[in-house]
Amino acid sequence: MTGVPYLSLAIWIPIVGGLLTLASGSDRNAPVARLIALVFALAGLFVALPLYSGFDTTSAAMQFVERSPWIDRFAIEYYLGVDGISMPFILLNSFITVIVVIAGWVVIEKKVAQYMAAFLIMSGLLNGIFSALDGILFYVFFESSLIPLYLIIGIWGGANRVYAALKFFLYTLLGSLLMLVAFLWLFLEAGASFDILQWHQLRIDMTAQSWIFFALLASFAVKVPMWPVHTWLPDAHVEAPTGGSVVLAAIALKLGAYGFLRFTLPIVPDAAHNFAPLMIALSLIAVVYIGFVALVQADMKKLVAYSSISHMGFVTLGFFMFNAIGVEGALVQMISHGFVSGAMFLCIGVLYDRMHSRQIADYGGVVNTMPKFAAFFMLFAMANAGLPATSGFVGEFMVILGAVQFNFWVAFLAAITLILGAAYTLWMYKRVVFGEVANEHVAALKDINGREFFFLAILAICVLAMGLFPKPITDVMHASVNQLLQHVAVGKL
Amino acid sequence: MEFMIPDFRPAMPELFMAAMIVLILLVTTFIKDKRRSVVFWLCQFTLLASIYLLFQVDQEYRAVDTHVLLGLTFSGMYVIDSFGSLLKGFVCLAVAVTLQYGRVYMAERKLDSPEYYLMVLCCALGMMILISASHFVTMYLGLELMSLSLYGLVAINRDNIGSTEAGMKYFVLGALASGLLLYGMSMLYGATGSMQIHQIARTLYEHGAQDVVVIFGLVFVLVGVAFKLGVVPFHMWVPDVYQGAPTAVTVLISSAPKLAAFAMAFRVLVNGLFDLVEQWQQMLMLLAAASIILGNLAAIAQSNIKRMLAYSGISHMGFVLLGLLSGYIRERGLEVDAINAYSSALFYSIAYLMMTLASFGMVILLSRNGFEAENIEDFKGLNQRSPWFAGMMMIVMFSMAGIPFFIGFFAKLSVLQAVVMAGYFKLAVLAVVMSVIGAFYYLRVVKVMYFDESSDPMPLKATLGFKAVLSINILAIAFFGLRSNDLMQICALALRF
């Protein structure tokens, strides 16, 4: 391990870049703002790369650890580190930030500097969430990441943006404040320490475990989002600008799932085992019921939003079956979903920029005017449906394998998603892309330009690469997941 | 009884300020209206020099004896300790900032008569005396000096019905509260035979505190304190007075006097009546819970930003009380936990001081040229008019809502930590749930600034000094969020007794 504080750099480079972008001022300097944003987004990605290349895949311990006191009075530390579970998300996040900056390059015309700054700051804060090993530090990043997203939805969003932004904010805030109370309780139990790894070793009796389990659930379930607290997500997605939707789907949704792995499972394993049937039931409802809901959506973004909830149901399902293949499958699914849902939203964004409509009914026969776009969209739709050789397949298949080990009927219900996912995605694709040219607006569409081709192509490469050869990613996870499961298997009572 | 010349040194800052008030009074009679700014700068000099003196005196006393709780002087009527010095320092600073915020505002409305400056200084002096009082008489003296100045200040715009009505309301209710306070003090005197706070504490410790008269006295004193803090159910005056007073006066009422009232609460309850802790803890619990609930719920319904901030202030005071009541824990060792809890309350009040100054400063910033920016709607599209100050206001709002990286979050965190440590989980959960409701109305301000179109495209006009002080004020909220450790340590050190 080198002495370079890569994690700190990954957090603070985007944030500093965001502030600098803000300083570029009004829209007259928009080109400058864009350039600064791109440079810092690339720099952020660049400093995140050593996290992968320097990662020791054989070790389950925290790596790239940075530790220094922050608030002595409460023993709060600036304590960072990554393991195989969190490291891929930092890479994913830094990567998606670059894509988002490019995707918003000319599309955003008003308040460019603020737009770019919000995404950069957001990116830094999200990296902070994934690398924090101190409870309060985690909470601080977790909460403050709400601010940029709130502004992104509210300023650049669609017609009903204010409602959506507020709903998003308050839902998440309620959840996370209950989590804060749980953290304070753990702080006392751990003998005045916010060290998450120390919390993992705590012995806690069953009643307390249940309380903590539900306090954490309140926070993470909203973020994931799990049924029945998912209702903020379609609203937020529909109203957010394309970049906002991408970050929301690709990264922000992963926070809740990550929270389950970092907090719920290791800290309260007995409660997690105890309530696993509940969690599995909720996950299956998300998978099946939300899948049906997605089927009937008339708005493309809403459809993808519901499909996200359904996919995230798969993730939570994978976690609470407590076997290695399930958890790893869920992690792969999270990363794959980051690429695929991001790409889906970008595709919809491409259409929306031209037509200013997201209604499926307004489209038809897009393939005739935008053949290149149709090809990309096809690939991502297939990945969303979980077609083999795309990244979507790997995760889903692993989770279903895990489910078969666990219980046949759970696996059976989970597998329905393969049918449903194909049904809603491909049906939407058919209505939008194939058929006769629906109206003169569609007839006037221009195919994607070089910038759009670029970011869609990169994402397409990622989706295919992960689908064909997921080993580089699963290798990173192995040690950490195994250690986590061993830890969870031993009760704390 | 033999007469002794008291030691004047501990009271140097107060004596200096009193002398300066007289001097300024003299100066104003000889000065032309055009030279009004001389008065302003004299006031600023007085306040800043007082801070310097405070620092000197504090150093001097700490050099003599490091662990001293106090130097008492004036026959035990006056106490010097680092708790008092810290609070007095912040009071002077807050008043200086207030004057800066109010300067142009008052001048534009022709309200910047010398009385305004003098009453503000008198108010500051009253607060300093109140903070250092260790005897019911000095306490009452300080309290009334502060309150009477404030009554006058609220009604200073005497041609305005709202202002005079607010002044009247404030005066009547304030006088009632003072009466109740006095009544309670007399009962405590009757039961213990002393008005000196440490003497009372000793008597209660030696003879037990289960006397009905003592408890009655406690109740009445608490009512007086609660009124000054403006907590439910003694909060009725807060929104009306905040709204009616000229905004430059509202800044003052909402900021420094809360610190002084906190000091009074601390001295009476913790220093004086600690043997009644089980009683007042229960009472504070009710007051705090009611304040947090009502403050947050009522704030939602407000369209006037001054009223909204008033209700939000009520809920913040509830949080301060939460910290204050968490100091006593039956089962555990007292010492560490108590300091922890009290310093969290102290930290919270200082954090609130910064935030409330900044929020009303923003209101003043928008109400230029005789136009009163009283409604939340007036913040519409501020992001277009001035991205910098929209960002600043956003920091204040998020800080008040308790969203991290800003000081408001760490203040809430430290109080909640104390509450949880004392074992009151339900209170903590209540406070947390109410914070979410509170976030709603703070977010509405952000929403109005960022998501709505501006109806008034005029850029903001303000003097450079105003903008600089406001920006520093708000950047301090962000800075002390990141470096909250330093301020927390100072608070904890101030309470080490």
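**View 1. A:Gln63 and its bridge partner in the predicted model.** In this predicted model, A:Gln63 has A:Val82 as its bridge partner in strand S2 of chain A. The two strands concerned, S1 (residues 63-71) and S2 (residues 76-82) of chain A, run antiparallel and are joined by 6 bridges. Together S1(A) and S2(A) form a hairpin, with 4 residues between them. In the turn, A:Ala75 has a positive phi of about 55°.

**View 2. Helix H17 of chain A and its surroundings.** Helix H17 of chain A covers residues 371-385. With 15 residues at 1.5 Å a residue, H17(A) should span 21 Å, and this agrees with its end C-alpha atoms, which are 21 Å apart. Because 11 of the 15 residues are buried, H17(A) is largely enclosed by the rest of the structure. Among the buried residues are A:Phe373, A:Phe376, A:Phe377 and A:Phe380, together with A:Met382 and A:Asn384. The cover over the buried residues of H17(A) includes helices H14 (300-319), H15 (324-355) and H16 (366-369) of chain A, as well as H18 (391-406), H19 (408-433) and H21 (450-468) of chain A. A:Gly386 follows H17(A) and has a positive phi, near 85°.

**View 3. The side of chain B that touches chain A.** Here 28 residues of chain A are in contact with 24 residues of chain B. On the chain B side, the elements that give two or more residues are helices H17 (407-421), H18 (425-451) and H20 (484-494) of chain B. H18(B) gives the most, with 11 residues. By class, this side of chain B comprises 18 nonpolar, 5 polar and 1 charged residues.

How values were computed
Residues numbered from 1 in each chain as written. Chains lettered and ligands numbered in written order. Predicted model: local features only at pLDDT ≥ 70, side-chain atom pairs only at ≥ 80, totals over all residues. Pairing = 2+ DSSP bridges. Expected span 1.5 Å × (residues − 1). Buried ≥ 20, exposed ≤ 12 C-beta atoms within 10 Å, placed from the backbone. Contact = placed C-beta atoms within 7 Å. Nonpolar A, V, L, I, M, F, W, Y, C, P; charged D, E, K, R; others polar.
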